[in-house]
Amino acid sequence: MPKNARMIKPISFSAAWVNKGLSFRSMVTLLAMLLSTLSLPAASIKTLIVEGQSNAAHQMSAVTVGIKKILADAGLFAVEIAATPAKGQDLSGFKPNFSAYDLVVINYDGDPWPVETRSAFANYMRNGGGLVVVHSADNAFGDWQEFNEMIGVGGWGGRTEKSGPYLRLREGKWVPLDLPGRGGSHGQARPYVVTTREPNHPIMKGLPAEWLHVSDELYDRLRGPARNVSVLASAMTDPKTGGSGEEEPVLMAIAYGQGRVFHSTMGHGISQMQCVGFIVTLQRGAEWAATGKVTQKVPADFPTATATKTRP
Ligand SMILES: [Zn+2]
């Protein structure tokens with residue numbers, strides 16, 4: 001029995017129920033429904049989504065609501081939200097108690113956090129915290145070295161050749177390459193095939209080798225320290241539509257001290273977050289970042305190599 005499952009007392013059948021007009025079949029159905037509800041794991045992973053600032057291209061508040069719903073739907077996460085003051089305002093009072101959470105999800109791209117808050121967050125991660133970074137959150141904090149170590153690679157936010165190498169797939173291995181060029185780009189949004197690169201990683205176990213993501217920005221030419229990164233999945237960017245012509249990491253797992261980071265470059269906005277592939281990898285990645293394990297099953301409506309799948 002999973003640690004979080006509640007004990008269920010055996011319930012004895014009573015013939016009296018049947019006499020009161022409830023058929024045996026409907027009683028069994030009812031009982032099965034009751035049991036499946038009771039045996040759901042409690043939403044015990046304490047999660048904090050941090051938001052408050054983003055660039056104009058991103059619907060920050062709607063994305064936060066979307067992430068919260070996706071995590072709530074997994075039934076494993078108890079989610080709270082912490083918002084910073086708006087851009088240009090005084091952030092000195094922004095001091096979430098990170099250590100009270102199993103997981104922090106960053107949906108933020110804006111002014112630097114106060115030194116004290118940055119240091120508290122780095123300590124939280126070094127001591128075994130969990131972090132999820134979605135899409136434009138990897139645009140944040142271009143000059144915060146510890147954050148860049150956590151996310152592996154990032155884009156924009158002043159990132160240049162000085163920010164670190166690209167991660168490039170060469171002869172089946174991901175290698176950091178110090179090539180000239182920009183730090184962060186994407187071609188025209190379009191549907192793209194996601195290729196699994198670490199099929200035995202807990203987040204990826206049971207997912208198809210290839211699946212089709214809905215039309216989304218495919219981040220390319222991300223740069224950073226690129227250390228302790230497992231590229232879980234990648235996608236080919238087409239130079240004809242403004243891409244790099246390389247396999248680009250789209251799902252990454254990064255070790256930072258005792259902490260675990262799940263970094264998904266997918267999910268520009270609400271319609272991209274309806275992709276079942278985005279939803280499921282976020283739910284699995286979040287559980288892994290918080291606990292080091294994944295207990296969720298792969299759902300039947302997962303996309304295939306040729307068909308996208310969405311949920312309302
Ligand atoms: Zn975007």
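This is a predicted model: local features need pLDDT of at least 70, side-chain atom pairs count only at pLDDT 80 or more; totals for chains, interfaces and linings use all residues.
**Entry 1. Leu-131 and the core**

Setting aside neighbours within four places in sequence, I found Leu-131 in contact with Val-104, Ile-106, Met-125, Met-150, Gly-259, Val-261 and Ala-289. I then looked up the largest nonpolar core, which holds 71 residues. Leu-131 is one of the residues that touch the most other members, together with Leu-103, Val-132, Val-261, Ala-286 and Ala-289. Helix H6 gives the most to this core, with 9 residues. I noted beside this that in soluble globular proteins nonpolar side chains tend to be buried together.

**Entry 2. The chain as a whole**

I counted 6 helices and 13 strands in the chain. Of its 312 residues, 42% count as buried. I also looked up the contacts with a separation of 6 or more: residues 24 or more positions apart account for 71% of them.

**Entry 3. Helix H6**

I checked the length of H6, residues 276–291. Its 16 residues should span 22 Å at 1.5 Å a residue, and the end C-alpha atoms are 22 Å apart, so the two figures agree. H6 is mostly covered, with 15 of its 16 residues buried. Just after H6, I recorded a positive phi of about 85° at Gly-292.

Within H6 I selected Gln-283. Gln-283 and Leu-71 are 212 residues apart along the chain, yet their C-alpha atoms are separated by 6.0 Å.

**Entry 4. Strand S1 and its partners**

I turned to strand S1, residues 45–51, and found it mostly covered, with 5 of its 7 residues buried. S1 pairs with strand S2 (residues 77–83) in the parallel sense, over 7 bridges. Among these pairings I noted Lys-46, whose bridge partner in S2 is Ala-78. Between S1 and S2 the chain crosses through helix H3 (residues 60–74), and this β-α-β crossover is right-handed.

S1 also runs parallel to strand S3 (residues 103–106), to which 4 bridges join it. Here Thr-47 stands opposite Leu-103 in S3.

**Entry 5. Helix H4**

I examined helix H4, residues 115–126. Its 12 residues reach 16 Å from the first C-alpha to the last, close to the 16 Å expected at 1.5 Å a residue. Which residues of H4 are buried? I listed Phe-121, Ala-122, Tyr-124 and Met-125. These four cover an arc of only 160° around the axis, and therefore lie on the same side of H4. On the other side, Val-115, Glu-116 and Ser-119 are exposed. I set this against a general point: an α-helix has 3.6 residues a turn, so residues three or four places apart point the same way.

The buried residues of H4 pack against strand S4 (130–134), helix H5 (145–151), strand S12 (247–256) and strand S13 (259–264). Just after H4, Gly-128 takes a positive phi of about 110°.

**Entry 6. His-213**

I located His-213 in strand S9, residues 210–216. I recorded it as buried, because 24 other C-beta atoms lie within 10 Å. Leaving aside neighbours within four places in sequence, His-213 is in contact with Pro-191, Tyr-192, Val-194, Met-266, Cys-275, Gly-277, Phe-278 and Thr-308. I also looked up His-213 and Ala-307, which are 94 residues apart along the chain; their C-alpha atoms are separated by 8.5 Å.

Most residues other than glycine have a negative phi. Glu-171 has a positive phi of about 50° although it is not a glycine. It sits in the loop between strand S5 (166–170) and strand S6 (173–177). With 5 C-beta neighbours inside 10 Å, Glu-171 counts as exposed.

Asn-228, likewise not a glycine, has a positive phi of about 55°. I found Asn-228 in the loop between strand S10 (219–220) and strand S11 (229–236). Asn-228 counts as partly exposed, because it has 14 C-beta neighbours inside 10 Å.

Methods:
Residues are numbered from 1 along each chain as its sequence is written. A residue is buried if 20 or more other C-beta atoms lie within 10 Å of its own, exposed if 12 or fewer, and partly exposed in between; C-beta atoms are placed from the backbone. Helices (H or I, at least four residues) and strands (E, at least two) are DSSP runs, numbered from the N terminus. Two strands pair if DSSP finds at least two bridges between them. A crossover is right-handed if, with the strands pointing away from the viewer, the path from the first strand over the helix to the second runs clockwise. The expected span of a helix is 1.5 Å times one less than its number of residues. Two residues are in contact if their C-beta atoms, placed from the backbone, lie within 7 Å. A nonpolar core is a set of buried Ala, Val, Leu, Ile, Met, Phe, Trp, Tyr and Cys residues joined through C-beta atoms within 7 Å. The arc is that of the directions from the helix axis to the C-beta atoms.
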